[in-house]
Amino acid sequence: MDNVIVKRVLRGSWICVVLVGSIAAVYWLIPLLYPFLIAWLISYAMNPFVQWLQQHIRLPKWLAVTLALLVYFGSAAIILSAALTRLVKELIHLAESFDLRIAEWRNLFIEWTQSEGIQNIINEINHFIADNPGYENTIHKNIDNTAERVGSFVSHLVNNFLGIIVNLLSSLPNLGIILGVILLATFFISNHWERDMRFLAGAIPAPFRKTAGAIWRDLQRALSGYLRAQFIMISITAFIVLIGLLILGVDSAFTYALLIGLVDLLPYLGVGTIMIPWLIYAFATGDVTLGIGLAILYGIILIARQMIEPKVLASSVGLDPLPTLIAMFVGLKLFGVLGLIIGPVTLVILGAAVRAGVIRDLRNYIAHGRLR
């Protein structure tokens, strides 16, 4: 009996070592190999189009891959250039109107400080200081400390923003190199796609091929469905916001719609992260028309999501919001902004492994020393 327990502990320890080693390898290798991973994903997406060009137009493989690269990267470049051009124009407009906003906020603050309630509070403080002169130095010291902290925070915020801009500008040459590597890697991977896939299939031991095939098919369906559903929902949200803001006459509607559409990726939080503070600010500043319009627009978005999301997710392998939020947070902490994608993808991979019976096989291996 003791010998059986020792063997189970050893097998379990071996599995733990393999899992930890695999996670560590992924953590250390992704920052080094992510251009090639992106290239593989692009090649995977292009492969049906490349095959169509070979079968219907009778193009040689290298020419079909070249044409597919031109179509995919050219389309992406045109769409991205148009979006960035519009975004830059609206950001410039926002920057020009920022001074007017600051003036409005300053006037609001002055009106607030001159209101009867604030003046009564100031008078009470003055009476308190007059009756308790020993507290005057303490109050002034606390005010000075608060002002110093606010100044330090603003200075830190400005320095961080400027640092981001400097880092972005300094990373442009490196970004060009990375894009070149991705482009070349995509060409080579696509050009030898069938050969490489046969090699990978042959590298998998025979006992694991069936399970690996099930995981791969489930993973293809889950990832494509998840990404398709997210893209559809983001597009619908951004389109509704864009139409609503254009009707309300809001400046830089395209920028706001794009930002709110991207924020819609966050489970639970979603568009409310921007819409709710915005409509509260509109009511607080006296712009009742904009506040009511934003509230109606927010309600339309919520209703549209409740009606459309179940139908969109019905054709894909959806994820529960809470596990998705946890996966995004963990991914953000481990891999930075890229982790917002890596986290949910990892969750999909784990779900595919569970559905393929990997957990069951590991349990059988630990308990009985065999996979089945």
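I count a salt bridge when a side-chain nitrogen of Lys or Arg sits within 4 Å of a carboxyl oxygen of Asp or Glu. Bear in mind that this is a predicted model.

Entry 1, charge pairs. How many salt bridges does the structure hold? I found one. Lys61 pairs with Glu194, and their closest N and O atoms are 2.8 Å apart. I then checked where the partners lie: Lys61 is in helix α2 (residues 61-113) and Glu194 in helix α6 (residues 193-203), so this pair ties together parts 133 residues apart in sequence.

I took helix α8 (residues 253-263) and helix α9 (residues 272-284); their axes come within 8 Å and cross at roughly 130°. Which residues meet here? From α8 I listed Tyr256, Leu259, Ile260 and Val263, and from α9 Thr273, Ile274, Met275 and Trp278. Sorting this contact by class gave me seven nonpolar residues, one polar and no charged ones.

I found a nonpolar patch of about 740 Å², made by Tyr27, Trp28, Leu322, Ile326, Phe329, Val330 and Leu334. Which helix supplies the largest share of the patch? My tally says α11, with five residues; Val330 is in that helix. Both α1 (2-56) and α11 (321-335) supply at least two residues of the patch.

Key. Residues are numbered from 1 along each chain as its sequence is written. This is a predicted model: local features need pLDDT of at least 70, side-chain atom pairs count only at pLDDT 80 or more; totals for chains, interfaces and linings use all residues. Side-chain values use heavy atoms; hydrogens and water are left out. Axes are lines fitted to C-alpha atoms, for helices over the stretch in contact, and angles run from 0 to 180 degrees between N-to-C directions. Helices (H or I, at least four residues) and strands (E, at least two) are DSSP runs, numbered from the N terminus. Contact means heavy atoms within 4.5 Å. Ala, Val, Leu, Ile, Met, Phe, Trp, Tyr, Cys and Pro count as nonpolar, Asp, Glu, Lys and Arg as charged, and the others, Gly among them, as polar. Patches are made of residues with over 30% relative accessible area and no salt bridge: like charges are joined within 9 Å, nonpolar side chains (Val, Leu, Ile, Met, Phe, Trp, Tyr) within 5 Å. Accessible areas come from the Shrake-Rupley method with a 1.4 Å probe; for residues, only the protein chains shown count as cover.
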